[in-house]
Amino acid sequence: MPAHKDAFSPPQSLLILGGTSGIALATARRLIARRARTVRLAGRPSPELEEAAGQLRALGVDARTVAFDALDPEAHESALGKVFAEGAVDLVLLAFGVLGDQATDERDPVAAAQVARTNYTGAVSAGLVCARALQDQGHGSLVVLSSASGERARRADFIYGSSKAGLDTFAQGLGDALHGTGVHVMVVRPAALRRPGAPARDGGLPTTTPEAVATAIELGLRRRSETVWVPGTLRPLMSALRHLPRALYRRLPIG
């Protein structure tokens, strides 16, 4: 087995699961500015995915798309294995997921299950495939985009939040399982993204941007952090909310 690489060096090769994610692409651009030279964008084939790869190629890197469907776990090993067969992957960013629509999903169990299958079941399958490949090569980082919404159920998004809570727990356990193997697992818990012109949907809770999350991911990689909150002020706030009595929590204007 290759020697473990414990000291940080900026990743040269990236595999992004969820290749049209704004956070993922902001992270790719930031790492390309450091030293990344190979990027594989995995996702369902679409003009948007091809456009994203084209934008990264314009920055001078080898960027290509990989057909990948979170809802088809039987195909994950084949699809992702081809990427690792091309050469070592320094960083896997698991960035796919769907928000769903809480009001609709509550009335449609099939739609609710689709959110869970995408955000949790698909991520478990893809995460395990990539973790094994990283372990086989003896080094690399797996960055998992979780969400602050997974910390405690909220009336406004408990279906989405529950799927992210499951993903978060899985990723933490996977990090423990891989400890000492040379593979670094980092869970990122961002606040809701701030969207220009869109109404606030988080009841006064902090928000963030793809660029801010990308900055935090790079810093977390340098520090070999296991958990990253974006913004950092979210950590003590969510800790306080997590321990608040339910009767009082229900009265808060946060969802």
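I began with Ser-21, which is buried at a relative accessible area of 15%, where buried means under 20% relative accessible area, exposed over 50% and partly exposed in between, with a 1.4 Å probe and protein chains only. I was working on a predicted model, in which local features need pLDDT of at least 70, side-chain atom pairs count only at pLDDT 80 or more, and totals for chains, interfaces and linings use all residues. Residues are numbered from 1 along each chain as its sequence is written, and side-chain values use heavy atoms, with hydrogens and water left out.

I placed Ser-21 in the loop between β1 and α1; helices (H or I, at least four residues) and strands (E, at least two) are DSSP runs numbered from the N terminus. I then found that the Ser-21 side chain reaches the backbone nitrogen of Ile-23 at 3.3 Å.

Next I looked up Ala-52, which lies in helix α2, residues 47-57, and which counts as buried because its relative accessibility is 4%. Leaving out residues up to four places away in sequence, I listed Gly-19, Leu-25 and Leu-41 as what Ala-52 touches, contact being heavy atoms within 4.5 Å. For Leu-25, which is 27 residues from Ala-52 along the chain, I noted a C-alpha separation of 7.7 Å.

I turned to the largest nonpolar core, which has 31 residues, and found that Leu-15, Leu-17, Phe-68, Leu-80, Phe-84, Val-92 and Phe-96 touch the most other members. Such a core is a set of buried Ala, Val, Leu, Ile, Met, Phe, Trp, Tyr and Cys residues joined through side-chain atoms within 4.5 Å. Among the elements that each supply at least two residues of this core are β1 (13-17), α3 (76-86) and β4 (91-94), while α5 gives the most, with eight residues. I also recorded a second, separate core of 30 residues, which includes Ala-36, Val-61, Leu-93 and Val-143.

Which residues does Leu-15 contact, leaving aside its neighbours within four places in sequence? I found Arg-40, Ala-42, Leu-80, Val-83, Phe-84, Val-89, Leu-91, Val-92, Leu-93 and Cys-130.

I noted 44 lining residues, of which Ala-95, Phe-96, Gly-97, Val-98 and Leu-99 lie nearest the pocket's centre. The largest share of this lining, three residues, comes from α8.

Technical notes:
1 Å grid on protein atoms, 1.4 Å probe; cavity = no way out; pocket = protein on both sides within 12 Å on 5 of 7 lines; lining within 4 Å. Polar contact = N/O pair within 3.5 Å; in protein donor to acceptor, adjacent residues only side chain to side chain.
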